[in-house]
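Please keep the sequence and the 3D view at hand while reading.

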Amino acid sequence: VTDDPRHDWQFLLELLEPIHDAARASARRMAASCPDGDDLFQEAVVRALRKLPGLRDRGRFGAWFYAVMLSVHRSRARRAFWKRLIGLETVMDSGLEPVAPGRSADEETMRAGRLTAALAKLPAVQREAIVLHDLDGYPMDDVAAMQGVTTSAVKTRVSRGRARLREHYRRLGVVGLASRAADAADTVPGEVMNG
Amino acid sequence: MVENDEVDRALETDAAALRGRTRRGLPPLSATERMARGAAPRPAVRTAWRPRAVVTVGALAAVLLLVIGAVASERFRRLLIPTRGRSAADIQSDIRGGLAGEGFESPRVSVERTPGSLSIDVTAGDSSGLSLETAHRIVGGDNVDSTFILQLPDFRDLDHLPLPERRRAIERRLAERGIRATVTIDDGKLRIDADERRIEREK
């Protein structure tokens with residue numbers, strides 16, 4: 001870190017490069033839409049530059065940057081309620097490339113939108129834990145470092161978040177439709193939502 | 001448990017869809033770099049005035065206006081009586097009902113409609129002995145097929161004033177209500193001419 005802002009940018013971008021895509025994708029998953037997630041990410045980058053002098057160990061930059069991004073995410077979650085009233089259907093499609101051949105864009109839009117809407121109903125800290133652990137696949141310990149809490153606290157957040165998501169899906173009447181859809185969509189194996 | 005399994009399967013497939021959707025079209029690091037260097041900052045998505053927010057704010061504003069309107073109409077004690085396309089008997093009935101609602105007993109109301117003009121005479125007496133006698137006479141012009149606004153009470157509180165001062169006070173009050181009027185003393189009576197409206201009041 002130097003006194004020259006241009007050098008700080010260069011330093012930050014070098015550190016950011018290995019985690020850039022993963023962090024931006026995480027931001028999109030936590031936000032109400034992809035454009036909203038891109039805004040969250042960029043705001044986090046700007047805030048990270050301001051806080052860069054506080055980075056003590058560049059080997060832990062990933063967790064440090066995520067902590068900054070989660071802080072921005074919580075700030076945005078607290079903003080005035082009417083700023084959060086975004087019609088998902090109006091922004092989900094913007095700025096995205098077409099889906100891979102053989103997959104239905106409409107179905108992906110519906111499914112992604114449904115989970116995004118469900119995630120939006122969670123408290124910010126539970127949403128972060130679910131996205132980082134269940135969707136992005138980070139271990140509980142890493143999520144704990146990012147959120148600045150103990151591992152057991154993350155476990156609690158993930159568990160409560162999953163319970164809320166299940167309850168939300170039950171209310172939507174998803175049961176009964178899932179088995180048919182599961183055959184059609186390619187699921188990702190692992191611990192996703194199975195905890 | 002079967003239900004739980006199905007919900008979990010739905011969550012898994014939705015999670016896969018969200019992963020795919022958020023992974024594609026990621027702006028490259030160079031885009032972040034451009035933003036970082038201030039060369040091409042990405043404009044923030046302004047989400048404040050999305051349609052749902054507009055509807056919410058609009059609904060709140062409409063409710064507020066309704067409340068204000070209700071309070072204001074009560075405060076100014078005005079009878080709003082539609083006349084467009086209605087018969088003289090209907091208008092007469094409305095005015096009589098409105099006066100009764102305002103506490104005037106046995107009001108005398110006469111309405112005449114001829115092609116191109118609408119004439120309304122109202123005399124409302126107060127049985128409590130107050131010297132209230134108000135006559136509104138609306139003749140032709142703007143009031144044909146429009147909304148007849150009967151303003152109550154009239155000039156009761158000015159009765160104690162000498163005639164010249166009462167004339168000026170009535171002129172001032174009409175002006176406050178947006179009525180350009182000329183008030184004259186004619187044969188012991190106050191005569192008020194307001195555009196096409198003529199309001200006579202016994203001295």
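**From chains to helix pairs**

Chain A exposes about 9300 Å², and carbon and sulfur atoms supply 51% of that surface. The model is a predicted one, and every value in this account has been computed from it. Of the 195 residues in chain A, 50% are buried. When contacts between residues at least 6 apart in the sequence of chain A are considered, 70% of them join residues at least 24 apart.

Chain B is built from 5 helices and 8 strands, and its elements, read from the N terminus on, run α-α-α-β-α-β-β-β-β-α-β-β-β. Chain B has 203 residues, of which buried residues make up 35%. Its accessible surface comes to about 11700 Å², with 53% belonging to carbon and sulfur atoms. For contacts in chain B between residues at least 6 apart in sequence, the share that joins residues at least 24 apart is 39%.

The next step is to look at how helices of chain A meet. Two packed helices are described by the angle between their axes together with the distance between those axes. On the side of α2(A) the contact is made by H20(A), A23(A), R24(A), A27(A) and R28(A), while α3(A) contributes C34(A), G37(A), D38(A), L40(A), F41(A) and Q42(A). Sorted by class, the residues of this contact of α2(A) with α3(A) are 5 nonpolar, 3 polar and 3 charged.

Further along chain A, helix α4 (residues 61-77) and helix α7 (residues 124-135) have axes that come within 10 Å and cross at roughly 140 degrees. An angle over 145 degrees would count as roughly antiparallel, and α4(A) and α7(A) are therefore described as oblique to each other. The crossing in which α4(A) passes α7(A) is right-handed. Here Y66(A), L70(A), H73(A), R74(A) and A77(A) of α4(A) meet A124(A), V125(A), R127(A), E128(A) and L132(A) of α7(A). By class, this contact of α4(A) with α7(A) holds 6 nonpolar residues, 1 polar residue and 3 charged residues.

Helix α7(A) also takes part in a contact with helix α8 (residues 140-147) of chain A, where the axes come within 10 Å and cross at roughly 140 degrees. That angle makes α7(A) oblique to α8(A), and α7(A) passes α8(A) in a right-handed crossing. The residues that meet are V125(A), E128(A), A129(A), L132(A) and H133(A) in α7(A), and M140(A), V143(A), M146(A) and Q147(A) in α8(A). They divide into 6 nonpolar, 2 polar and 1 charged. Reading the two contacts of α7(A) together, one finds V125(A), E128(A) and L132(A) listed both where α7(A) meets α4(A) and where α7(A) meets α8(A).

Although E43(A) and H73(A) are 30 residues apart along the chain, their C-alpha atoms are separated by 9.3 Å. Once neighbours within four places in sequence are left aside, E43(A) is in contact with V72(A) and R76(A). As for H73(A), it is among the residues of α4(A) that meet α7(A).

The other residue, R58(A), has its place in the loop between α3 and α4 of chain A. With its neighbours within four places in sequence again left aside, R58(A) is in contact with F11(A) and L15(A). The C-alpha atoms of R58(A) and L15(A) are separated by 7.7 Å, while along the chain these residues are 43 residues apart.

How values were computed. Residues are numbered from 1 along each chain as its sequence is written. Chains are lettered from A and ligands numbered from 1 in the order in which they are written. This is a predicted model: local features need pLDDT of at least 70, side-chain atom pairs count only at pLDDT 80 or more; totals for chains, interfaces and linings use all residues. Side-chain values use heavy atoms; hydrogens and water are left out. Axes are lines fitted to C-alpha atoms, for helices over the stretch in contact, and angles run from 0 to 180 degrees between N-to-C directions. Helices (H or I, at least four residues) and strands (E, at least two) are DSSP runs, numbered from the N terminus. Angles under 35 degrees count as roughly parallel, over 145 as roughly antiparallel, 65 to 115 as roughly perpendicular and the rest as oblique. A crossing is left-handed if the near helix is turned anticlockwise from the far one by less than a right angle, and right-handed if clockwise. Contact means heavy atoms within 4.5 Å. Ala, Val, Leu, Ile, Met, Phe, Trp, Tyr, Cys and Pro count as nonpolar, Asp, Glu, Lys and Arg as charged, and the others, Gly among them, as polar. Buried means under 20% relative accessible area, exposed over 50%, partly exposed in between (1.4 Å probe, protein chains only). Accessible areas come from the Shrake-Rupley method with a 1.4 Å probe; for residues, only the protein chains shown count as cover.
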